[in-house]
Amino acid sequence: MAFAGAAAQAAEETVQGMLAAQIRMQGFACDKALGAAKDAKRSRPDHAVWMLRCSNANYRVSRAPDMVAKVEPLR
């Protein structure tokens, strides 16, 4: 049971780290990625929408294959 929890935590850290790296490359500030959650209402097949929480800001990140991410800073 502990292994499943560790695997889920590692997968989540990978997603938030990947999203943070992607928005940094696009010029947005994300000092430390604190969490990422998929927005099921806004996501569709081949278009994932994530809520990324950073230490200095929050973002909505929309991703489609072979395209740059659409990044919306949130208040």
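**Figure 1. Overall fold of the predicted model.** Helices (H or I, at least four residues) and strands (E, at least two) are DSSP runs, numbered from the N terminus. This is a predicted model, in which local features need pLDDT of at least 70 and side-chain atom pairs count only at pLDDT 80 or more, whereas totals for chains, interfaces and linings use all residues. Residues are numbered from 1 along each chain as its sequence is written, and side-chain values use heavy atoms, with hydrogens and water left out. Of the 75 residues, 29% count as buried (under 20% relative accessible area, with exposed over 50% and partly exposed in between; 1.4 Å probe, protein chains only). The accessible surface comes to about 5200 Å², and carbon and sulfur atoms contribute 58% of that surface (Shrake-Rupley method, 1.4 Å probe; for residues, only the protein chains shown count as cover).

**Figure 2. The four-stranded sheet.** The strands form an open sheet in the order β1-β2-β3-β4, with antiparallel pairing; two strands pair if DSSP finds at least two bridges between them. β1 and β4 (70–74) stand at the edges with a single partner strand each, so one side of each lacks a neighbour in the sheet. On average, neighbouring strands are turned by 20° against each other, direction ignored (axes are lines fitted to C-alpha atoms, for helices over the stretch in contact; angles run from 0 to 180 degrees between N-to-C directions). Five bridges join β1 and β2 in the antiparallel sense. Ala33 lies opposite Cys54 in β2.

**Figure 3. The largest nonpolar core.** This core holds 14 residues, and those with the most contacts inside it are Leu19, Ile23, Cys30, Leu52, Tyr59 and Val61. A nonpolar core is a set of buried Ala, Val, Leu, Ile, Met, Phe, Trp, Tyr and Cys residues joined through side-chain atoms within 4.5 Å. Two or more residues each come from α1 (2–25), β1 (33–38), β2 (48–54) and β3 (58–63), and β2 gives the largest share, four residues. Beyond four places in sequence, Leu52 touches residues including Leu19, Ile23, Cys30, Tyr59 and Val61 (contact: heavy atoms within 4.5 Å).

**Figure 4. Surroundings of Gln16.** Gln16 belongs to helix α1 and is buried, with a relative accessible area of 11%. The Gln16 side chain reaches the backbone oxygen of Ala33 at 3.4 Å. Apart from neighbours within four places in sequence, Gln16 is in contact with Ala33, Leu34, Gly35, Ala36 and Leu52.

Methods
A polar contact is a pair of N or O atoms within 3.5 Å; within protein, one must be able to donate a hydrogen and the other to accept it, and residues adjacent in sequence count only if both atoms are side-chain atoms.
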